[in-house]
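Subject: Structure handover

Hello,

Please find the structure below. My notes on it follow.

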Amino acid sequence: MLNTLRKIVQEVNAAKDLKAALGIIVLRVREAMKSHVCSVYLLDPESNRFVLMATEGLNKRAIGKVSMAPNEGLVGLVGTREEPLNLEDAANHPRYRYFAETGEERYASFLGAPIIHHRRVMGVLVIQQKESRQFDEGEEAFLVTMSAQLAGVIAHAEATGSIRGLGKQGKGIHEAKFAGVPGSPGAAIGTAVVMLPPADLDVVPDKTIADIDAELALFSSALDSVRADLHALSAKLATQLRPEERALFDVYLMMLDDDAIGNEIMRIIRTGQWAQGALRQVVGDHVKRFELMDDAYLRERASDIKDLGRRLLAYLQEARTQTLSYAENTILVSEELTPGMLGEVPEGKLIGLVSVLGSGNSHVAILARAMGIPTVMGAVDLPYSKVDGIQMIVDGYHGEVFTNPSAELCKQYRAVVEEERELAKGLSALSSLPCETLDGLRMPLWVNTGLLADVVRAQERGAEGVGLYRTEVPFMIRDRFPSEKEQLAIYREQLHAFHPLPVTMRTLDIGGDKALPYFPIKEANPFLGWRGIRITLDHPEIFLVQIRAMLKASVGLNNLRILLPMISGLRELEESLHLIHRAWSEVRDEGFDIAMPPVGVMIEVPAAVYQIRELARQVDFISIGSNDLTQYLLAVDRNNPRVADLYDFLHPSVLQALRLVVDGGHAEGKPVGICGEMAGDPAAAVLLLAMGFDSLSMNATNLPKVKWLLRQISKRMATELLEQLMGMDNPQVIHSTLQLALHNLGLGRMINPAATIQA
Ligand code: PEP
Ligand code: MG
């Protein structure tokens, strides 16, 4: 069964559009279940009716014509109950409805399973049998499994159709909305530029070209390069492989011959398809044929063809990257955005970002916020490889992407962009004013840094210190660990730029989703694994070099503070302090005159919350890392878009944990700050102020907004609001009460200028 399922899903995945996909489903499922009929009904959101979209067994002329409302017929019943329905004698069921055009009177038994994607009913998959009999448990389970697997495939094909004008009902191109999660606030209207993962044939889109001769030449040159590579590889392995093993290379070379794959690809290019699209089609056809074979040896050949395809694609992509042109208003779209990709777009052209994977708490989203680029993460249903060159709107406030937006929607979003521009102008006047509430409470606003660009932006916006300098960022953009001397220069630049303001340098926090290319870590659960302080304590040589570099960099400046990430107990803290003291005495022995800098601990692991008093006693300051603390308290992976809606820093448990830490730190006479992203959320900042935090550290982009909002409220009002919210147990109610309270004070505009858009 598993094999049959796998084959069907594979075939459906390779279908060229929704119609073809549905055709394969009904054909293959009928075959596999040996039923007389298999049909798919899809729910048309416009008419709210289940429409017969494909069938094997019923009259095909009924396709697209027969439909039923959710309260009609057996199909409607399966759709509304969201449960399978297994009937021996369908015609006798009170909900049975007869459609003459389908010819279904001949079929007595009925088994239907709902097709549900992300909690949304998309349609119903039905099989029918002539004789009156109950389908057995195994059959029912198979159909349910099949429809669960197909839901994602159908959703994907449907979305692609709406983008490329192959809509369900054959309708033309129309506006489509894709839900993701907010990555970085703001709105952008622009042209999608898709950055594909290197050499991944499956996601190459179709594209028409004007200059066929140039494309043929491009392909020929890729062919030549791969041929040369294969010859070189074969020669290099001559002494290590037996002749029959080396024969594989001859097979590869033969496949590339003009009479074989090479020729087929050229034929498709001549029809006006670009070389990469032609390559995908031809390789895909061959791979499919081989993969469906029952002979294991022949099935293996599919991977040879895939390998050849990847080699050719790599050369074609390389040639394209050199000529890739970016639109003036580029919205960069990728399956998984990486910090490196952001740097590839020429300065001034990048206005929005969309990532299929990752969530608002992924590090690339944090970077996007620091750069002030509207971003949507986790747009899992967006057929991203098909959107290159089309118009798109990114709504980073609500986490939504619109493809082919209507003129009306563009108008509404243009107004939002304009409003943002006006707000930003108004905010720039604030930079020299203090962050002070109406009743005189001063709240120091600090920045989080990592990139060099952050320094200038932070200074322009009037930051009063650096609450978190992510030292791993300069480590990530190198090809080896930086030496003590190199680190010293980097740190000195930071310390000097902000002097005399304090700069909090966090020791290397790698692991989780922050990998160093030259220090790969492979783990099943990286966020629960070897991360942050756990790595550096296991590698004192890395830790000591870093601390020594920090200390030496602070000579004569004395504005350094050291912060320890991922501390989960006293032992880790004590070992870290011991190493810091060792490094300090070493550099003093070397003749550097440096005072011991303040050392702080990050509270980002739940265990640390409950030992706050003991931890606080040993350090000079506390800083809450609410990004990780939320992830670990709620057991929600901060990178996983499937659970992104469960990740919530206003969850009552998170609020209670924050309060425990503030009170615990203060009871030991230590200042408590926060450097997670929630500090830069203007509405959340009101609550943090009320809790008694001593400083808030955030990205430079949001700093003026937070300052503006805190200057409009009083400590008294913030405290009342906090007390009201702390009494609530439902996160959604907490959010809406907070929004409403700020809205009623006339402060809603700053939080979300796109709040009124109805799409
Ligand atoms: C945090 O976890 O809140 C934090 C500031 O650290 P990072 O986002 O770098 O993990
Ligand atoms: Mg963290």
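A contact, as used here, means heavy atoms within 4.5 Å. This is a predicted model, in which local features need pLDDT of at least 70 and side-chain atom pairs count only at pLDDT 80 or more, while totals for chains, interfaces and linings use all residues. Residues are numbered from 1 along each chain as its sequence is written, chains are lettered from A and ligands numbered from 1 in the order in which they are written, and side-chain values use heavy atoms, with hydrogens and water left out.

Cores

Not counting residues up to four places away in sequence, Ile 603 touches Ala 608, Val 609, Ile 612, Leu 615, Ile 622, Ser 623, Ile 624, Gly 625, Leu 629 and Val 661. A nonpolar core is a set of buried Ala, Val, Leu, Ile, Met, Phe, Trp, Tyr and Cys residues joined through side-chain atoms within 4.5 Å; buried means under 20% relative accessible area, exposed over 50%, and partly exposed in between (1.4 Å probe, protein chains only). Ile 603 is among the residues with the most contacts inside the largest such core, which has 106 residues. Helix α23 (residues 682-691) gives the most to this core, with 9 residues. (Helices, H or I of at least four residues, and strands, E of at least two, are DSSP runs numbered from the N terminus.) Apart from this core lies another, of 34 residues, including Cys 38 and Leu 143.

Magnesium site

Glu 604 (OE) and Asp 628 (OD) coordinate the magnesium ion (ligand 2) at 2.0 to 2.2 Å. The two are 24 residues apart, with Glu 604 in the loop between β19 (599-603) and α19 (606-609) and Asp 628 in helix α21 (residues 626-634). Donors are N, O and S atoms within 2.8 Å of the metal (3.2 Å for Na, K and Ca), and water is not among the atoms, so the site may look incomplete. Both Glu 604 and Asp 628 are buried.

Strands

Two strands pair if DSSP finds at least two bridges between them. An open sheet of 8 strands runs in the order β7-β14-β13-β9-β10-β11-β12-β8, with mixed pairing.

Elsewhere, β1 (residues 37-44) and β2 run antiparallel, joined by 7 bridges. Of the 8 residues in β2 (residues 49-56), 7 are buried. Cys 38 stands opposite Glu 56 in β2. The hairpin of β1 and β2 has 4 residues between the strands, and there Asn 48 takes a positive phi near 50°.

Salt bridges

Taking a salt bridge as a side-chain nitrogen of Lys or Arg within 4 Å of a carboxyl oxygen of Asp or Glu, the count comes to 37. One of them joins Glu 11 and Arg 28 (2.7 Å, N to O). Glu 11 is in helix α1 (residues 2-13) and Arg 28 in helix α2 (residues 18-33), so this pair ties together parts 17 residues apart in sequence. Glu 56 also forms a salt bridge, with Arg 30 (3.9 Å, N to O), linking strand β2 to helix α2.

Regards
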